[in-house]
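Reader: Could you walk me through this structure, taking it slowly?

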Amino acid sequence: MGDTVLSQFTQAFDEEKKISGRKLKVGIIGCGWIAEAHAESYKEMDDVEIVAAADLIPGKAEAFCARYGFEGVHFYPSHKEMLDSEKLDAVSVCTYNAQHAAPTIYALDHGVNVLLEKPFTVTLDEAVEVCRAEKRSGKLLSIGFQPRCDVNMQMIKKIVESGALGKVYYIQTGGGRRRGIPNSTFIEKGTAGIGALGDIGCYSLDMVLNAVGYPKPLTVSGYKSAYFGTNPEYATPDRFHTAEENAARFGVDDFAAGFIRLENDIILDFRISWAMHMDTPGDTIILGTKAGLRIPSTDCWNGSVGGEMTLYHDLAGVRMEEKIPILKDKSGHGLFYKKIRGFLDAIIDGTPAPVPSSQILYNQAIIDGICKSAELGHEIEIRIPEI
Ligand SMILES: NC(=O)c1ccc[n+]([C@@H]2O[C@H](COP(=O)([O-])OP(=O)(O)OC[C@H]3O[C@@H](n4cnc5c(N)ncnc54)[C@H](O)[C@@H]3O)[C@@H](O)[C@H]2O)c1
């Protein structure tokens with residue numbers, strides 16, 4: 001099996017370099033679970049060479065690259081040593097949330113383009129610092145929202161932009177799992193920083209904010225709780241911890257909600273859950289003056305369209321319900337491949353980032369606003385500093 005992967009990889013490298021005239025030198029920072037999806041995609045690209053990998057855990061980067069048959073890779077104990085030593089075109093930042101900002105800023109300051117996994121950061125302050133680093137570097141930063149590459153998600157934006165809904169004035173979004181608390185580094189304050197709110201909430205926010213052109217958030221009244229993650233009856237065991245231990249480690253939210261006023265007189269009603277006594281906290285609905293759109297939720301909310309959408313509108317005085325079937329992706333590639341390819345093509349072509357930080361800054365401002373408002377117990381104004 002390993003040999004097959006290795007020889008496929010070598011063959012791919014022997015092919016004509018297609019786009020840039022040379023292979024892009026890429027490093028991977030953080031060789032955990034999601035880095036696997038990056039590695040799988042990079043492996044398919046014959047104009048990419050994985051030249052460096054870093055992980056805080058000794059031996060992890062080495063084992064990771066061996067699994068994917070990446071040869072001649074230089075290994076480092078953290079992002080700093082890697083970026084101080086290597087001349088890279090790009091890095092995938094696949095670290096846990098609390099380590100998103102530091103490696104991204106360090107990479108940008110070293111003149112390296114960055115594909116940063118979602119959520120953007122833990123706090124708005126960190127996101128602002130990352131945006132400033134991007135600005136002073138002149139390099140490209142794209143945030144890893146692969147649902148943007150989903151044809152059905154793109155359809156939502158097309159429907160809004162077609163004008164079929166008229167003026168959008170109210171959006172209800174969110175999603176949730178009846179039981180779906182992840183474990184590992186997702187549940188500790190020190191590594192994750194935020195829970196369901198950041199992990200899957202960022203997808204719900206992006207789904208609708210991207211569709212309506214990312215209006216600026218103005219105020220938020222937020223709520224968050226952790227009744228399930230902290231309870232051994234509901235916490236999930238993993239390879240290294242019992243349910244009791246994971247309940248004790250749990251330091252983030254497992255449910256969050258927010259009522260947000262957006263620019264252009266739009267109200268956003270949001271809720272997200274890793275665990276609850278309900279199948280879903282509701283479908284996404286976008287209400288406009290001419291029509292309303294219902295987007296069914298999924299059982300395991302991960303930012304996808306859960307079934308055929310329905311457009312509600314009146315036609316010559318008759319109330320219509322139009323079904324929008326689920327579209328099949330004909331590209332032959334998965335969402336991760338497409339998100340990484342889009343990032344690399346933007347570097348090669350000198351085009352804007354596929355998922356720009358200027359948009360996701362607003363996504364992060366809402367997440368941050370929900371946390372702050374929840375702590376204070378009242379609505380707050382969202383203030384986004386100049387970049
Ligand atoms: N896009 C998606 O669908 C998706 C899915 C899952 C996770 N994620 C995101 O990916 C990120 C990582 O998740 P994961 O499940 O892979 O976590 P993980 O804990 O399995 O892996 C993170 C790795 O980063 C390493 N690390 C941390 N700081 C480092 C540093 N400064 N330098 C080098 N290595 C460092 C850790 O040692 C760890 O091995 C999270 O932010 C998560 O939200 C995205």
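Reader: Which helix gives the most to the shell around the ligand?
Author: That is helix α2, residues 33–43, which gives three residues to the shell; helices here are DSSP runs (H or I, at least four residues), strands are runs of E with at least two, and both are numbered from the N terminus. This is a predicted model, in which local features need pLDDT of at least 70 and side-chain atom pairs count only at pLDDT 80 or more, while totals for chains, interfaces and linings use all residues. Residues are numbered from 1 along each chain as its sequence is written.

Reader: And which residues come nearest to the ligand?
Author: Of the 27 residues around the ligand, those that come nearest are Gly-30, Gly-32, Trp-33, Gln-99 and Thr-185, where being near means that a C-beta atom, placed from the backbone, lies within 6 Å.

Reader: How does the shell divide into nonpolar, polar and charged?
Author: There are eleven nonpolar, eleven polar and five charged residues in the shell, with Ala, Val, Leu, Ile, Met, Phe, Trp, Tyr, Cys and Pro counted as nonpolar, Asp, Glu, Lys and Arg as charged, and the others, Gly among them, as polar.

Reader: Which domains does the shell draw from?
Author: At least three residues come from each of domain 1 (2–147 + 334–355) and domain 2 (150–330 + 363–381), and those bounds come from an automatic or database domain assignment.

Reader: What separates the centres of the two domains?
Author: The centres of domain 1 and domain 2, taken over C-alpha atoms, are separated by 27 Å. Their contact takes 14 residues from domain 1 and 20 residues from domain 2, where two residues are in contact if their C-beta atoms, placed from the backbone, lie within 7 Å. On the side of domain 1 that touches domain 2, ten residues are nonpolar, three polar and one charged.
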